[in-house]
Number of protein chains: 2
Amino acid sequence: MARTDERFREAYNALLNICSSKSEGDSLPSEAELSRTLDVSRTVIRSALSRLNEVGIIHWNGRQKLVMRQPADTDLIEVNLETISNEELERRFLNWILRFDVPPGTPLNVSELSRWFNVPAHALHEFLASLSRFSLVERRPKGGWKLLGFTREYAMELFELRTMIELNAISRLVKSPPEDPIWQKMDDLKQKHQELLAQINERYNDFSVLDEQFHSTIYSVNHNRFIVELQRVIALVFYYHYQWDKRDERERNEAAIHEHLKLINAIQSRDEQEALDAARDHLSTSRKTLLLSLKINNKQ
Amino acid sequence: MARTDERFREAYNALLNICSSKSEGDSLPSEAELSRTLDVSRTVIRSALSRLNEVGIIHWNGRQKLVMRQPADTDLIEVNLETISNEELERRFLNWILRFDVPPGTPLNVSELSRWFNVPAHALHEFLASLSRFSLVERRPKGGWKLLGFTREYAMELFELRTMIELNAISRLVKSPPEDPIWQKMDDLKQKHQELLAQINERYNDFSVLDEQFHSTIYSVNHNRFIVELQRVIALVFYYHYQWDKRDERERNEAAIHEHLKLINAIQSRDEQEALDAARDHLSTSRKTLLLSLKINNKQ
DNA sequence: CTAAGTGTATTCAATTATAAAAAACAGTAT
DNA sequence: ATACTGTTTTTTATAATTGAATACACTTAG
């Protein structure tokens with residue numbers, strides 16, 4: 001009925017390990033040193049030592065910590081950590097919204113979702129709070145959360161931001177110094193695109209990965225933390241959305257490869273205006289596809 | 001040891017009010033209707049009715065709810081709501097960071113801060129979680145929060161984003177149709193600037209308000225929720241920062257007014273290129289000022 | 001005497017239990 | 001048949017609880 005003693009358990013097992021590496025009669029380092037090496041507080045070290053003392057693995061008296069016997073496998077205490085990371089939660093949540101077409105306005109049930117995603121409720125709270133900055137969810141006046149969701153307007157507004165960021169990135173990119181590793185990456189990407197184009201009938205499915213790689217390479221010239229963060233969300237949302245639209249996939253992908261190649265060529269020739277034009281063309285195609293897929297999904 | 005009964009208390013007092021408006025022997029509307037008009041759940045209505053029944057103000061039996069006597073002032077129950085809004089919390093928090101020069105890396109003490117700002121701890125949690133999207137704070141591995149803070153790099157990166165958004169807004173602005181109310185606003189702003197310039201020696205302090213007004217007018221052409229949200233934070237951060245830099249204020253403000261007027265003229269003549277150039281000049285000045293003030297503050 | 005180490009007390013935060021509120025459901029009276 | 005009430009279930013917000021971190025006082029070895 002309080003926080004878990006996961007840290008204690010891990011520290012205890014780690015101490016067992018340290019005892020194993022010593023022979024009987026050796027003494028352990030100081031509490032402060034142990035706390036540094038195991039990266040926990042001295043409190044945790046002390047309670048673990050105290051347990052070791054009880055079990056008889058060490059004899060602890062003041063600053064004397066003698067190893068009395070080798071710990072056995074049975075001395076290990078269980079530690080179960082099956083909580084997922086924040087990124088994983090984000091991935092699963094967006095997946096859920098987009099995959100199951102959760103309609104905008106749906107009230108979000110925190111306790112249900114936390115069971116569903118296997119995270120503590122307060123972690124979900126925190127996550128929803130952070131999403132509220134992207135206007136994807138909203139706090140309801142009487143408590144609880146509401147999904148604002150991936151509406152047509154939302155998509156278009158996010159797209160506008162994406163356009164802004166991407167064009168900005170391209171302007172930077174063409175001005176990169178010749179020794180920048182970005183140029184090598186561009187060469188690689190060009191070749192990969194050409195290879196894929198040559199076998200487009202068999203391998204058109206592989207485009208989605210290449211597409212993400214391409215755009216994230218362009219974005220990578222931004223070392224701006226805000227833009228990186230925004231880009232992360234943008235990528236997630238669009239990536240997931242495109243993933244389930246399977247109509248005309250081969251044709252769409254082939255056209256996109258041509259657009260990418262045009263953009264790569266313009267970038268390689270350091271022609272800012274041409275690169276921006278090519279990028280605008282590509283974004284415009286992408287926008288149309290997105291709109292179409294939204295229209296179809298909403299009609300279902 | 002659970003949530004507050006604030007809703008109950010408010011509903012109870014509201015019901016007293018309703019009873020006052022009736023005469024003895026009248027009956028109250030149905031539970032469902034009361035719950036709709038007071039905007040609380042039926043559960044709350046029922047517990048309030050039940051209390052009213054106990055106190056003898058009404059006689060409640062099934063769907064019969066007779067008013068027995070007029071409620072007196074002493075029947076009111078106390079309800080203390082002194083919690084602040086989310087915007088206010090945000091304002092206070094940024095104020096605290098910038099005003100007291102809280103150094104980056106400072107661990108944030110949630111319980112202390114929640115006392116300090118007079119908000120429930122979980123509200124602060126939520127707020128910090130949402131700020132983490134702007135990389136202003138970060139969760140520490142061992143629990144708790146850490147202030148990442150307003151470093152030089154942070155300011156420059158935020159400034160880059162600001163530049164991007166503002167230039168984008170100006171491009172849109174010059175393309176606005178002639179009937180758009182924005183043009184009237186531009187006229188007004190121009191006049192206000194000229195008036196202020198005429199009395200700059202006495203009124204240079206008033207510029208800060210006009211400055212915010214000017215930039216927020218430019219931003220207002222964006223109906224994009226992300227950009228609006230970003231702009232809100234940008235405005236807060238920069239506004240607060242400029243507010244405490246009092247060196248050469250008169251000169252700086254006078255120069256800024258000239259830059260604003262140049263930009264306004266370019267916008268009014270619908271010359272995109274010239275407007276963008278003017279905006280870039282102004283942003284560049286602003287950037288220099290910011291850098292200077294950061295340098296001085298960090299040296300203290 | 002000093003520095004490193006230990007003992008103790010205090011503070012903070014993650015979790016849980018619980019009361020308040022909402023919502024769902026079933027039944028009843030008009 | 002519909003609108004209302006009674007009851008139960010579920011969910012949320014908060015306080016109590018306990019694990020962990022930290023600060024401080026004290027001790028001992030060199």
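A polar contact is a pair of N or O atoms within 3.5 Å, where, within protein, one atom must be able to donate a hydrogen and the other to accept it. The figures below show a predicted model.

Figure 1. On the side of chain B that touches chain A, the elements that give two or more residues are helix 6 (121–131), helix 7 (152–174) and helix 11 (225–243) of chain B. Helix 7 of chain B contributes ten residues to that side, the most of any element. Sorted by class, the side of chain B that touches chain A holds 15 nonpolar, ten polar and 14 charged residues. Salt bridges between chain B and chain A number twelve. One of the salt bridges joins the side chains of A:K142 and B:D39, at 3.3 Å from N to O.

**Figure 2. The area buried between chain B and chain A.** The size of an interface is often given as the accessible area lost when the parts come together. Between them, chain B and chain A bury about 3300 Å², and 52% of this area is on carbon and sulfur atoms. Of the area that chain B buries against chain A, 27% is supplied by B:R133, B:R225 and B:F226, more than by any other three residues. The contact draws 39 residues from chain B and 39 residues from chain A.

**Figure 3. The fold and dimensions of chain A.** Chain A contains 13 helices and five strands. Its C-alpha trace spans about 75 × 55 × 35 Å along the principal axes. The radius of gyration of chain A is 27 Å, whereas a compact globule of 300 residues would have one near 19 Å. Of the 300 residues in chain A, 43% are buried. Among contacts in chain A between residues at least 6 apart in sequence, 68% join residues at least 24 apart.

Figure 4. A:D75 counts as buried because its relative accessible area is 12%, under the 20% cut-off. A polar atom of the A:D75 side chain lies 2.7 Å from the backbone nitrogen of A:A72. Leaving aside residues up to four places away in sequence, A:D75 touches A:Y12, A:L16, A:V55, A:I57 and A:R69.

Technical notes:
Residues numbered from 1 in each chain as written. Chains lettered and ligands numbered in written order. Predicted model: local features only at pLDDT ≥ 70, side-chain atom pairs only at ≥ 80, totals over all residues. Heavy atoms only, no water. Contact = heavy atoms within 4.5 Å. Buried area = accessible area lost by both parts, 1.4 Å probe. Salt bridge = Lys/Arg side-chain N within 4 Å of Asp/Glu carboxyl O. Helix = DSSP H or I, 4+ residues; strand = E, 2+ residues; numbered from the N terminus. Nonpolar A, V, L, I, M, F, W, Y, C, P; charged D, E, K, R; others polar. Rg over C-alpha atoms; globule rule 2.2 N^0.38 Å. Buried < 20%, exposed > 50% of the residue type's maximum accessible area, 1.4 Å probe, protein only.
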